[in-house]
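Trainee: I am new to this structure. Please take me through one part of it closely, and then show me what lies around it.

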Amino acid sequence: MRIEAVETLRLGDHPNLLWVRVHTDAGLTGLGETYFGAGPSEADVHDRIAPVILGQDARRIEFLNMKMQPYTGFTGSGAEVRALSAVDVALWDIAGKAANMPLCDVLGGRTRDSIQVYNTCAGPNYVSKTSAVRPDNFGAGSGGTAGATYEDLDAFLHHPEDLAASLMEMGIFSMKIWPFDLAGGAVDGVDISAADLNKALEPFEKIRSRHGDKMRLKAELHGLWSLNAAQKIAAALEPIGMDWIEDPLWMDRTEEIAELAGTTSAPLAGGETLAGLGQFKALIDEGNIATPIMDVTWAGGITAARKVAALAEARARPIAFHDCSGPVTLAASTHLALALRNVREQEIARGFYYGWYPDFVDNLPPVENGMITIPGGPGLGMDLLPGLLKREDAIHRISR
């Protein structure tokens, strides 16, 4: 089963997203995806990866993953590794279709039929125009959680108690918010003022005041803070009872992560911006992270995700898969979450899931009563909707 074409698509309306389709001479096509740096990743797919994999047997996924490793940038999650990740996911999609089995069954079978979700409280327009994760690109709307718009970022800033109630009505009892990003000190991360610290604590405190311990609370710090500031934030969050504190400082500072872990009772999580087995091994072994987080379409694809999960399992740690990007990433992550034994829950952003994911794919992983499962069908169980290539904002390339 030879690879005969590699195709990419990105849309001007969603400039961070890149979809990749790998075509074989057997008539099977695999779908992959990556997010952020879509233009450079697209170029790498066609300029570097396509010449390496065209004509190769699509079933040799481990071999092809090795061949796609870049000479430079192979330890980080830059454009080359993101491009590799998208192609790797597409190859695994083909493997599932060739076996006429859902991907999770190809990966060794299911350890569960569904898994609980936690909601990352982003609105539908969150970081949608550029790759800058900062307040001026948060895309916050006018507020509210009514209907299917789910402006959850605006909601956690202004009425977090109602947001938590809305999630619990859907059977979702775990949520992640990031009010610390709006602190003045987040510009350089060196320190945080007492006033900003107290203000950022308010959403957590309001949720606890109204709902008690019903909701598991996660704090996202986006790697913005120094060790000194992160220690202050962690100490302030401890009495609230955190499920985890995510990316409290830059996650390649392994020694500082370990120092923070040793000075707080709050569990630490993170690593979605890392890639390569070496970085994740250091994060787990030396950084003593409680829950490593990996983005499947940033850090090496499904091939790498299985290995990182094994590293975590060897240290009796759960692993979490990131989703605040695109629908293919969510599907691939859900298949992994059902197949791997050390996944506790799967991230979703309901503002994305209900807001714009249905505009681009035909079959989302079903979410019901706070649980997610695979969409059904062989491989990932989803494809791009027909007609996307004809959109005026479509940027389409194919290498043969």
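Mentor: Start with a hairpin. Strands β2 and β3 form it, with four residues between them. Gly27 sits in the turn and has a positive phi of about 85°. Strands here are DSSP runs (E, at least two residues), helices are DSSP runs too (H or I, at least four residues), and both are numbered from the N terminus. This is a predicted model, in which local features need pLDDT of at least 70 and side-chain atom pairs count only at pLDDT 80 or more, while totals for chains, interfaces and linings use all residues. Residues are numbered from 1 along each chain as its sequence is written, and side-chain values use heavy atoms, with hydrogens and water left out.

Now the pairing. β2 and β3 run antiparallel, joined by seven bridges. Two strands pair if DSSP finds at least two bridges between them. Arg21 has Leu31 of β3 as its bridge partner. Strand β3 covers residues 29–35, and six of its seven residues are buried. Buried means under 20% relative accessible area, exposed means over 50%, and partly exposed lies in between (1.4 Å probe, protein chains only).

Stay with Arg21. Its side chain meets that of Glu7 in a salt bridge, at 3.2 Å from N to O. Glu7 lies in strand β1 (residues 3–11) and Arg21 in strand β2 (residues 14–24), so the pair ties together parts that are 14 residues apart in sequence. Both Glu7 and Arg21 are buried. A salt bridge here is a side-chain nitrogen of Lys or Arg within 4 Å of a carboxyl oxygen of Asp or Glu. The count by this rule is 26 salt bridges.

Look at another of these. Glu345 and Lys218 meet through their side chains at 2.8 Å, N to O. This pair links distant parts of the chain, 127 residues apart: Glu345 is in the loop between α12 (327–339) and β11 (346–348), and Lys218 is in strand β6 (residues 216–220). Both Glu345 and Lys218 are buried. Salt bridges with shared partners join Arg216, Lys218, Asp243, Arg344 and Glu345 into one network.

Asp213 forms a salt bridge with Arg208, with the closest N and O atoms 3.7 Å apart. Asp213 counts as exposed, at 67% relative accessibility. Arg208 is buried, with a relative accessible area of 16%.
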